[in-house]
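Biologist: I am new to this structure and would like to learn how to read it. Please take me through it feature by feature.

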Amino acid sequence: MIKVNNRPIEWQEGMTIKKLINSLKYSYPVLIVTINGEHIPREKYEEAAVADGDDVKIIHPIAGG
Amino acid sequence: MSCVLTAEKVQKLKAARKVLKEIKYEPAKLEKGYANKTLYINLSDNSIVSKDVTEKMKDVFIGGKGFGLWYLWNAVAPSTKWNDPENEIVISPGPVGGITQYPGAGKSLVVSLSPTTGSVVDSNVGGHFGPLLKFSGWDALEIQGKADQEVIVFIDGNKGTISIEEAPLEAVDTHLIIEELTEMYAESEEDKRNISVVSSGTAAQNSLIGLLNFSFYDKRRKSPRVKQAGRGGIGTVFRDKNIKAVVVKFNGVKGDLNNPVDLKKIQELGIKLHKEIHDFDAIQTQKREVGTANLVEIMNDYDLLPVNNFKYGYHPETWKIDSKQIKKKVTQNMPDGCWYGCSMACAKAVDGFELKTGPYKGHKVLIDGPEYETVAAVGSNLGIFDLEHILECNFYCDTYGVDTISLGTTTAFLMECYESNILNKEITGGLELTFGNKDAAMELLHQMSRGEGFSKIAGQGVRKIKELLVKEYGADSHFLNDIGMENKGMEYSQYISKESLAQQGGYAMTNKGPQHDEAWLIFMDMVNNQIPSFEDKAEALHYFPMFRTWFGLMGLCKLPWNDIEPADNRQTSEPAKVPEHVQNYVELFNSVTGKTIDKKELIVQSERVYNFQRIFNIKMGFGQSLHDNPPYRSVGPVTVEEYLSRQDRYDQQMKELIGVDPEGKTIEEKMQITRKYREDQYDELRQTVYKRRGWTENGIPTLEHIKNLGIDFPEVVEVLKKHL
């Protein structure tokens with residue numbers, strides 16, 4: 001189990017930030033991603049591994065609309 | 001544009017003109033963003049009066065929407081109705097409005113009593129009118145009274161003349177009249193860019209959801225174009241006053257006309273933002289390519305795009321109407337700002353669109369947009385996934401003068417009523433108003449222009465239709481109140497708020513009704529989970545409505561605030577607020593006016609006006625807790641099919657959030673449990689928000705609070721005391 005934005009999500013073997021974003025259908029073009037507080041730049045999403053128990057934040061910096 | 005406007009026709013229009021009143025004036029020179037004069041016109045007796053702007057007005061109400069509210073407050077009594085001569089239309093740009101160095105500085109704010117809400121409404125709009133009005137020497141235009149024949153008001157800011165003219169031959173529909181008037185008042189092709197026209201359309205006079213179009217001349221396309229003040233039915237007020245158009249002409253727009261105290265600083269701020277837009281727009285929100293339509297597929301992905309009267313938030317056919325398809329239609333690589341210097345350039349246009357229906361069938365026209373709201377309102381929310389239809393509907397709504405949001409939400413409601421057997425062909429006059437029936441939806445709009453058939457009911461808006469269906473056809477009022485997406489008499493804008501408690505408040509705890517320009521908190525709440533507690537949500541429902549009110553005081557557009565973000569925004573403690581841009585606005589205001597506010601005082605400036613508007617609502621018989629009740633459709637699933645469509649989600653929430661095992665329960669039982677929980681949550685949020693805003697449990701600002709804000713004028717206190 002991992003936490004994404006403080007909500008529990010089932011962890012899966014081989015999970016990366018890119019796979020996680022895709023599975024959550026997070027298509028908003030500007031995201032702020034951290035794993036256990038460490039910032040993950042956009043170009044590292046594919047290789048950034050998510051381990052079981054990680055605390056992931058995927059913040060959509062939008063209060064607009 | 002399609003109409004053939006010959007020199008002969010223009011001569012004929014001019015010859016039929018009769019000047020009813022004309023005055024000369026000395027245009028005021030602007031000082032620190034203000035002309036310090038406002039223009040009052042009464043169409044009942046054709047009086048034209050110049051009013052002084054006091055320091056107190058500037059300190060308390062700032063400008064824009066603030067000036068509009070203050071003038072309207074003084075013009076109307078609690079008994080005044082929208083169609084009484086006493087009602088006014090006030091247009092004001094605000095002190096920062098008209099600068100050309102910083103993107104998004106050409107907005108006008110329009111204030112009036114609304115035909116659908118019965119209370120005060122404000123609507124913001126681009127186009128050139130507001131800045132040209134100010135450069136002509138007026139911080140606001142106040143129109144009261146009612147003309148006894150069709151008139152045009154013309155302000156010439158160079159010659160210093162104001163005239164009220166009989167206009168018997170001009171068209172009413174916007175795409176025609178803006179072309180006629182631009183042609184008539186311009187002395188040359190070059191001069192056309194100095195003209196801006198406010199107009200409405202034929203459907204505005206036959207419905208309560210009329211809008212105002214504000215024109216600007218696109219010299220590349222050699223055509224006038226329009227932006228819309230859509231919300232609240234102000235176009236209907238405009239036509240009820242027998243106004244065909246208000247025209248302003250000013251030649252000589254320059255970057256320093258506001259006479260700001262620190263032009264260099266404004267230039268620095270502007271250059272910084274232009275660079276951000278240049279560097280990041282393509283990878284952020286693509287405003288320069290598709291305007292606001294980039295949201296279509298995003299909202300669909302997050303289950304937030306309204307489908308079939310806000311029942312669902314997703315539809316598999318959305319790809320047919322998303323921004324990729326829209327991008328193929330809107331002309332690319334053309335600077336598209338609706339005011340000079342706006343590099344965000346979101347005012348997209350479809351050129352040479354051939355109309356397939358209606359009185360202008362076969363004409364090739366220019367269509368403004370489509371905006372996200374329009375795509376959702378007249379597309380997905382009606383179950384229509386046909387871009388050609390959406391564009392056609394967009395054009396006709398604009399030229400007929402009808403708000404796409406209110407029309408879409410109302411039609412969606414009618415379609416659900418039809419499919420629920422509350423309406424039938426006998427009542428609709430043969431229109432088969434089922435979801436997805438684009439021909440019926442289009443015919444309803446054309447009827448509205450002609451003032452015929454079922455549109456006479458449809459054009460009343462959701463609240464009045466609900467009342468009629470209950471009274472005349474014995475419909476179930478409980479069900480209609482659940483599915484009728486209105487609050488305070490205004491139709492909801494186009495976002496699903498079921499999974500964001502904060503946004504339910506962001507819609508229903510607004511001053512004018514459920515338009516998302518006060519607060520759009522869905523991602524912060526539902527996706528980011530950044531505001532989990534009631535207190536967190538209440539803080540957001542304090543800060544964002546106050547912050548966003550400020551744009552309307554200044555003459556500024558909201559988009560350059562957070563639809564573009566600095567590279568290091570992610571490293572700030574509150575990225576949703578875009579702190580660097582907030583600081584830009586502080587410095588922009590100070591650089592124009594010479595005042596010395598900080599970001600806290602910015603919020604207080606808004607808070608004064610926001611609370612004043614709340615009290616204005618109270619004065620008009622609204623503005624209390626009961627008026628902040630949302631329709632249940634915006635809070636949770638109303639119907640069985642809705643619950644079943646997201647059953648896993650609702651069942652999981654029942655288990656984890658409510659603490660009830662859904663196993664063995666009927667759908668009806670589960671719906672009841674879900675409803676009670678969600679309604680209780682909303683009530684708790686409401687009380688927490690009221691407390692944060694300095695209001696009583698009934699939503700009334702306390703005397704102490706308004707005293708702290710410095711708006712405890714005797715007439716304000718008098719209104720409040722009746723309710724405290």
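**Reading the two chains**

Modeller: In chain A, 46% of the 65 residues count as buried, where buried means under 20% relative accessible area, exposed over 50%, and partly exposed in between, with a 1.4 Å probe and protein chains only. The model is predicted, so local features need pLDDT of at least 70 and side-chain atom pairs pLDDT 80 or more, while totals for chains, interfaces and linings use all residues. Residues are numbered from 1 along each chain as its sequence is written, chains are lettered from A and ligands numbered from 1 in the order in which they are written, and side-chain values use heavy atoms, without hydrogens and water.

Biologist: Which pattern does chain A follow along the sequence?

Modeller: Helices (H or I, at least four residues) and strands (E, at least two) are DSSP runs, numbered from the N terminus. Chain A has one helix and five strands, and the pattern is β-β-α-β-β-β. Its radius of gyration is 11 Å, close to the 11 Å of the globule rule for 65 residues, so chain A is as compact as a globular protein of that length. That radius is taken over C-alpha atoms, and the rule is 2.2 Å times the number of residues to the power 0.38. Along the principal axes, the C-alpha atoms of chain A fill a box of roughly 35 × 25 × 20 Å.

Biologist: How do I read strand pairing, and what is the strand order in the open sheet of chain B?

Modeller: Strands of a sheet pair through backbone hydrogen bonds, either parallel or antiparallel. Two strands count as paired if DSSP finds at least two bridges between them. In chain B, an open sheet of six strands has the order E3-E2-E7-E4-E5-E6, with mixed pairing. Its edge strands are E3 and E6 (120-125), each pairing on one side only. From one strand to the next, the twist averages 15°.

Biologist: Which strands does E2(B) pair with?

Modeller: E2(B) runs antiparallel to E3 (residues 47-52) of chain B, with six bridges; one of the partner pairs is B:Lys37 and B:Asp52. E2(B) also runs parallel to E7 (residues 141-144) of chain B, with four bridges, and here B:Leu39 has B:Leu141 as its partner. Five of the six residues of E2(B), residues 37-42, are buried, so this strand is largely enclosed by the rest of the structure. E7(B) in turn is joined by three bridges to E4 (residues 89-92) of chain B, and these two run antiparallel.

Biologist: What should I look for in the backbone angles?

Modeller: Most residues other than glycine have a negative phi, and most peptide bonds are trans. In the hairpin of E2(B) and E3(B), with four residues between the strands, B:Asn46 takes a positive phi near 60°. B:Ile62 has a positive phi of about 65° and sits in the loop between H2 (55-61) and H3 of chain B.

Biologist: Is B:Ile62 buried or exposed?

Modeller: B:Ile62 has 2% relative accessibility, so it counts as buried. B:Asn259 has a positive phi near 50°, but this residue is partly exposed, with a relative accessible area of 25%.

Biologist: Where is the cis peptide bond?

Modeller: The cis bond joins B:Gly369 and B:Pro370, with omega about 5°. B:Pro370 lies in the loop between strand E15 (364-368) and helix H12 (372-378) of chain B.

How values were computed:
Axes are lines fitted to C-alpha atoms, for helices over the stretch in contact, and angles run from 0 to 180 degrees between N-to-C directions.
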